Amino acid sequence: MKSDVILTTDFPKLKLLSRGKVRDIYEVGEFLLLVVTDRLSAFDVVMNQGIPYKGMVLTKISEFWFNFSKEIISNHLVSTNISDYPEVCHEYTDELEGRSMLVKKAKVVPIECIVRGYISGSGWKDYLRNGEISGIKLQVGLQESEKFPKALFTPSTKAEIGEHDENISADQALKFTDENTFSKLKQTTLHIYRKASDYALEKGIIIADTKMEFGFYNDEIIIIDELLTPDSSRFWRLDKYEKGRGQQSYDKQIMRDYLLSINFNKQPPPPDLPDHIIKETSEKYLEIYEKLTGNSLI
């Protein structure tokens, strides 16, 4: 499948609702059209250059997991087949092919649902600071990347572009939603994580943590946005895993490491990325897609 790098979209006959860090969202009648670009953000800053195939990987891997988890909870996916899209979309087929989803319009629940099977990232930093993650007191002596005895549900705020998500406690999350909804989100997030983690382990992949988003559609909670992608999850190689240190991830870790190596101040404007960093990052996205789904994009 051919991939021209797409950093932004312009569909004059469609109503643009918003541009996120990665997705351009259009309103198409009763549906939304999510177009996944090849934009890449790090430290909440969108880079100048895109990553080949990234938008396609995110789209296809989400589609895979939506189908995988649909017996647990309904999702917002209507179709990724452009022939199923409203007629007004068809003239934009070249740009939409492989990187778009027609989805239901849902009322978004304003919290990020994060589940952690291993201690890493911001959770590790919080633990070092106060022995807690999202108000959950943890045992003394955990090592970086260590597996929790039981996966943790650690919600966070939903930040605007340029802002940072913040880990919050269950009590703080209840300021954004009611107890019944919160309980449903927690149970569903953990259920999907457990099922997906077991599957991924069979493919030689550890899902260290992941982030999910939910919304209401016809008074029913459904899962929305993306699901278990390299942008929303931390994937590690099982055969390279060793607690007590950071792990190499199947995502934009290569690019993050590069930015840290040049002392990027984590503020716009971003520096340009070298060609080899772009190439290696693209290869990582393609590799995790192939390992998890058994399919190839190129």
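Q: In this predicted model, which strand holds Thr 210?
A: Thr 210 lies in strand E14.

Q: Why is Thr 210 called buried?
A: The relative accessible area of Thr 210 is 1%. Buried means under 20%. The value for Thr 210 is 1%, so the residue is called buried.

Q: What makes the link between the side chains of Thr 210 and Ser 233 a polar contact?
A: The two side chains are joined at 2.7 Å. A polar contact needs a pair of N or O atoms within 3.5 Å, one able to donate a hydrogen and the other to accept it. The pair at 2.7 Å falls within that limit, so the term applies.

Q: Which residues does Thr 210 touch, not counting residues up to four places away in sequence?
A: They are Cys 113, Ile 114, Val 115, Tyr 193, Leu 228, Ser 232 and Ser 233. To touch here is to have heavy atoms within 4.5 Å.

Q: Which elements give two or more residues to the lining of the largest cavity, and what is its volume?
A: The volume is about 30 Å³. Strand E3 (31-36) and helix H1 (54-69) each give two or more residues to the lining. H1 gives the most, with three.

Q: What makes a residue such as Arg 23 or Ser 62 part of the lining of the largest cavity?
A: A lining residue has an atom within 4 Å of a cavity point. Arg 23 and Ser 62 are among the residues that line this cavity, as are Leu 34, Thr 59 and Asp 225.

Q: How do the residues lining the largest cavity divide by class?
A: Four are nonpolar, two polar and three charged. Asp, Glu, Lys and Arg count as charged. Arg 23, Asp 225 and Glu 226 are in the lining, so they are counted as charged.

Q: Where is Pro 86 found?
A: Pro 86 sits in the loop between strand E6 (77-79) and helix H2 (93-96).

Q: Why is Pro 86 called partly exposed?
A: Pro 86 has a relative accessible area of 26%. Buried is under 20% and exposed is over 50%, with partly exposed in between. The 26% of Pro 86 lies in between, so the residue is called partly exposed.

Q: What is in contact with Pro 86, leaving aside its neighbours within four places in sequence?
A: Val 28 and Leu 102 are. Pro 86 and Leu 102 are 16 residues apart in sequence. Their C-alpha atoms are 9.3 Å apart. Contact is judged on heavy atoms within 4.5 Å.

Notes:
Residues numbered from 1 in each chain as written. Predicted model: local features only at pLDDT ≥ 70, side-chain atom pairs only at ≥ 80, totals over all residues. Heavy atoms only, no water. 1 Å grid on protein atoms, 1.4 Å probe; cavity = no way out; pocket = protein on both sides within 12 Å on 5 of 7 lines; lining within 4 Å. Points joined across faces, edges and corners; volume = space filled by probe spheres on them. Helix = DSSP H or I, 4+ residues; strand = E, 2+ residues; numbered from the N terminus. Buried < 20%, exposed > 50% of the residue type's maximum accessible area, 1.4 Å probe, protein only.
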